[in-house]
Amino acid sequence: MPPTAVGGTGVAAPAPARRPVRAALAPVRLRLVALAVLMAARIAVGVALPALLAAAVGAVLDGTDVRGPAGLLAAVLVAGGLCEAAVGPLAASANATGTFRLRMLTVRHLLALGPRSPHAVGESVTQVVQSAPMAAGLPARATESALSLLGAVAGLAGLWWTDWQAGLAFTLAMPLTVLIAQRFMSEAGRAQENYLTAQSRLADGLVSALAGARTIRAAGTLGAETERVLEPLPELSAAGRAMWRTQREVVWRLGLLMPLTDVLVLAVAGLAVAGGRLGPAELLAVTGYLALASGIVDQIDGLLGIAQARAGARRLDDVFRHEPPAGGTTSATPADGAVRLRGVTVRHAGETVLDRLDLDLPAGACVALVGRTGSGKSLLAGLPGRLTDPDEGEVSIGGVPVRELPLEQLRNLVVHAFERPELYGRTVHEAIAFGRPGVSREDVVRAARAARADRFVQRLPAGYDTPLDETPMSGGERQRLGLARALLRPALLHVLDDATSGLDTATEAEVSRSVTDVLAGRTSLVVAHRAATAARCDLVAWLDAGRIRALGPHHRLWADPAYRAVFGPAATTGPAPGPAPLPMEKEEERCRVEQR
């Protein structure tokens, strides 16, 4: 169903929320229905067998024709065997398909949330790897347990029908059994959730430690970091032990209760046979129905599986509770790359980071965004591309509010280059062309040259076809590939979020001059930490205390000591850097030779 506009604003209303498990299993609904039918047939066979067996035995004892009862018994046994043979593969197929689809839905949702996701990386991995398959098995497990319970009830009804006294004896023990099962479900579900939570914390700590492995080794803190990563281990162990302890207590209690119940029922039935109220065939039927009714004990493993599946489903519900941004439906096209922010307020972790901020980026201008660490520069830079949405206010490009633009169109209008770019693809070519699979090699090389990445790429064993995982790169080289990926897109606005911070002064000057030429006539927003970077831009937006304190050329703002302090103590004195403080050509060449 296509999204609908809200109030004529051109903003798509989010689709009605659907439970993720239900949405994932929609394509296998027919298989689940067939599975339920087969399980029901299997239960029906189990219910019919005691009566058919009693009829066959009675015919033998009475000396009547046994062919009819025996033939019917054989037919039912064959039908039960066929159902049993079909249930396993069908359940496995439905569970595998549901797991695959639920994992895909979860991954897509997490990627759609992007920076909005409240879940850490390790926790997200746990959701996809563990919670999804647990939750996907919930319908099949619940159906099997419900039908098995129905079979036990049918067995109890058969017991009452065969001998009401035996049925009464079994019924008197049922309330205690149900009470034990309810307590088990509650405690097992709680223990399983605690287990998954501790496992997520452990995975998140491991992911962060692996990402900073070089820093940990250099600092000599391997022991301390190992303890930090394994800190949730006692909690994980306690949750696992609690789960097994709960299962153990239930098993021994029911394991003691059910044999006593069986002895009581069989004693009542035996007395009925001795008194002539029941015959041998009826005693056989009582035994069969008793075994069927006692199947409630066999549900402990099934109940544990349901508890685990429910815990996984609840954790996935927590992921899907956070809605990704909804794209707009307007057909309007921004007239140019002018960016306008009006009354923008952004809150994070209960604090106001941007407070009723106003800012105008002229079309075709290169604007530097500067401010102290933690002032919200990256947060502001993510607003035009909707990496973050403001809590209040409006952001527009070319006169069109970004909320009204379809997300696919917005991704082509606004391109980002980050301080720590993640590179995707099998080769260097695919890493640069990521998101534009049909782009030519010439365009990729042109973008790499503009980012001054072509020279080190050409030195690789296979050039642009070198496998990415076999390409050792420094932080600056990785940044240049990320910058080339951004330059490859002909967007209206390019956001460079500290995208050259890993480059030395000479290389940054060279890259900045090249990027300025490539982006001539297009709007660019550059998050800058160096005074020289800000000096090369047309304008500087000075972010301070959640608002734009000043907007103007760098050399004019430099007269303010507070502005100079933004770039560190070394910048508080001395003349303003020139608009393009590029080193001399010979000095550049000497620096490049030293780098090689």
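Begin by selecting E477, which is buried (under 20% relative accessible area, where exposed is over 50% and partly exposed lies in between, with a 1.4 Å probe and protein chains only) and yet has no salt bridge, the nearest side chain of opposite charge being R480, 4.7 Å away. A salt bridge here is a side-chain nitrogen of Lys or Arg within 4 Å of a carboxyl oxygen of Asp or Glu, and for charge Lys and Arg count as positive, Asp and Glu as negative, while His and the chain ends are not counted.

Before moving on, note that this is a predicted model, in which local features need pLDDT of at least 70 and side-chain atom pairs count only at pLDDT 80 or more, whereas totals for chains, interfaces and linings use all residues. Residues are numbered from 1 along each chain as its sequence is written, and side-chain values use heavy atoms, with hydrogens and water left out.

**Around E477**

Which helix holds E477? E477 is placed in helix α17, residues 475–487; helices (H or I, at least four residues) and strands (E, at least two) are DSSP runs numbered from the N terminus. If you leave aside the neighbours within four places in sequence, E477 is in contact (heavy atoms within 4.5 Å) with F456 and P472.

**The six-stranded sheet**

Next select the open sheet of six strands, which has the order β6-β7-β8-β3-β9-β10 and mixed pairing; two strands pair if DSSP finds at least two bridges between them. At the edges stand β6 (414–417) and β10 (547–552), each with a single partner strand, so one side of each is left without a neighbour in the sheet. Within this sheet, neighbouring strands are turned by 20° against each other on average, direction ignored, where axes are lines fitted to C-alpha atoms, for helices over the stretch in contact, and angles run from 0 to 180 degrees between N-to-C directions. Helix α17 packs on the sheet, touching β6 and β7 (493–497), and its direction makes about 175° with that of β6. Then look at strands β3 (residues 366–370) and β9 (residues 539–544), which run parallel and are joined by four bridges, with V370 standing opposite W542 in β9.

**The four-stranded sheet**

Move to the other open sheet, whose four strands come in the order β2-β1-β4-β5 with antiparallel pairing. Strand β1 (residues 339–348) pairs with β2 over seven bridges in the antiparallel sense, and here you can find V339 opposite L361 and R347 opposite T352. The hairpin of β1 and β2 has two residues between the strands, and A349 there takes a positive phi near 55°. On the β4 side (residues 392–397), β1 pairs over five antiparallel bridges, with T345 opposite E392.

**Salt bridges to select**

The structure holds 17 salt bridges. One of them joins the side chains of D360 and R342 (2.6 Å, N to O), linking strand β2 to strand β1 across 18 residues. Another joins R347 and E392, with the closest N and O atoms 2.8 Å apart; R347 lies in strand β1 and E392 in strand β4, so the pair ties together parts that are 45 residues apart in sequence. R347 is partly exposed at 42% relative accessible area, and E392 is partly exposed at 37%. As a last stop, select D355, R356 and R547, which are linked in a network of salt bridges.
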